[in-house]
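Please examine the sequence and the structure shown here.

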Amino acid sequence: MNQPLSDDTARARRIIVIVPDEPGALAHVTQVLAEGEINIEAIDGRLVGDLGVITIRTNDDDAALHALLKADLRAVTSDAVVFYLPDRPGALARVAQRFGQHQVNVRTIHILHRLAEHAIVAVTTDDNDLARSLLDSDSLL
């Protein structure tokens with residue numbers, strides 16, 4: 001029997017896909033997963049500037065991530081803390097300094113996309129829960 005997932009488990013199993021805010025973008029993501037016979041268990045989306053940010057839970061996250069990347073979609077797994085911040089000099093430095101002040105070690109960092117006024121950033125750390133708590137909740141994706 002399937003047990004309901006806790007918030008921690010759900011967060012640990014998500015995939016985040018960045019798509020243009022245009023007709024057909026969601027259809028493309030879901031079609032890629034359908035062709036891979038990957039079942040979507042949960043999906044959530046929001047707009048960030050001119051981009052759609054789709055958060056997905058599937059029955060096979062490894063296969064889903066592989067299929068999405070093979071289809072040239074920008075996707076990251078949930079072991080990343082994904083957030084957006086103003087695309088201005090010093091914005092990322094302030095986040096990095098805050099992490100350092102709280103002893104959060106950044107293992108990887110990627111700028112997934114830059115918008116006119118914002119950047120979408122993914123980091124993995126040695127304490128992702130603490131890292132999330134140090135960010136403005138409105139900026140978390």
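A residue is called buried when its relative accessible area is under 20%, exposed when over 50%, and partly exposed in between (1.4 Å probe, protein chains only). The model is predicted, so that local features need pLDDT of at least 70 and side-chain atom pairs count only at pLDDT 80 or more, while totals for chains, interfaces and linings use all residues. Residues are numbered from 1 along each chain as its sequence is written, and side-chain values use heavy atoms, with hydrogens and water left out.

Helix 4 spans residues 91-101, and A91, V95 and F99 are buried in it. These residues lie on the same side of helix 4 because they cover an arc of only 75 degrees around the axis. The arc is taken from the directions from the helix axis to the C-beta atoms. Strand 5 (81-86), strand 6, strand 7 (118-125) and helix 5 (128-134) are among the elements that cover the buried residues. On the face turned away from the buried side, helix 4 carries the exposed residues R94, Q97 and Q101. After helix 4 comes Q103, which has a positive phi, near 60 degrees.

Strand 3 (residues 51-58) contains T58, which is buried with a relative accessible area of 0%.

How values were computed. Helices (H or I, at least four residues) and strands (E, at least two) are DSSP runs, numbered from the N terminus. Contact means heavy atoms within 4.5 Å.
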